[in-house]
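Dear colleague,

Please find the structure below, followed by a summary of what was found in it.

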Amino acid sequence: QVQLVESGGGLVQPGGSLNLSCVVSGSMFDLGRMGWYRQAPGKQRELVAATTNLGRTVYGDSTKGRFTISRDNAKNALYLQMNDLKPEDTAVYYCNAGPGTTLTGPRPYWGQGTQVTVSS
């Protein structure tokens, strides 16, 4: 059974940065697609960024150019570097993973989420 555990959330001022981590229990070999989603209060869950083990990536329209997704198979980890954070980035961020190598998603495995709050 695959388990995903996120960390790195917190409170940050507008314009600041955070780096989220998602550690995978078990092998990442079958997790061809991994990504980050977020959900703000009263809104639907949306794609932040996703990547495949073939090196392809996709970003949500609101995060392009500010966020960077990366994965380290040797460390069983997925990361999300978030720069120039804005109040509208406030949400619970979820790690997502599963098989396949297409960028469409999400896949069946979810983490418990980590809160990111951007406020002065």
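The count comes to one disulfide (a pair of cysteine sulfur atoms within 2.5 Å). Cysteine 22 and cysteine 95 form it, with their sulfur atoms 2.1 Å apart. Because the torsion about their S-S bond is about -80°, the disulfide is left-handed. Cysteine 22 lies in strand E3 and cysteine 95 in strand E9, so the pair ties together parts 73 residues apart in sequence; strands are DSSP runs of at least two residues, numbered from the N terminus. Both cysteine 22 and cysteine 95 are buried, where buried means under 20% relative accessible area, exposed over 50% and partly exposed in between (1.4 Å probe, protein chains only).

This is a predicted model: local features need pLDDT of at least 70 and side-chain atom pairs pLDDT 80 or more, whereas totals for chains, interfaces and linings use all residues. Residues are numbered from 1 along each chain as its sequence is written, and side-chain values use heavy atoms, leaving out hydrogens and water.

There are five salt bridges (a side-chain nitrogen of Lys or Arg within 4 Å of a carboxyl oxygen of Asp or Glu). Arginine 38, buried at 4% relative accessibility, pairs with glutamate 46 at 2.6 Å, N to O. Glutamate 46 is partly exposed at 34%. Aspartate 89 also forms a salt bridge with arginine 38, the closest N and O atoms being 2.9 Å apart. Aspartate 89 lies in the loop between E8 and E9 and arginine 38 in strand E4, so this pair ties together parts 51 residues apart in sequence.

Kind regards

Notes. Helix = DSSP H or I, 4+ residues; strand = E, 2+ residues; numbered from the N terminus.
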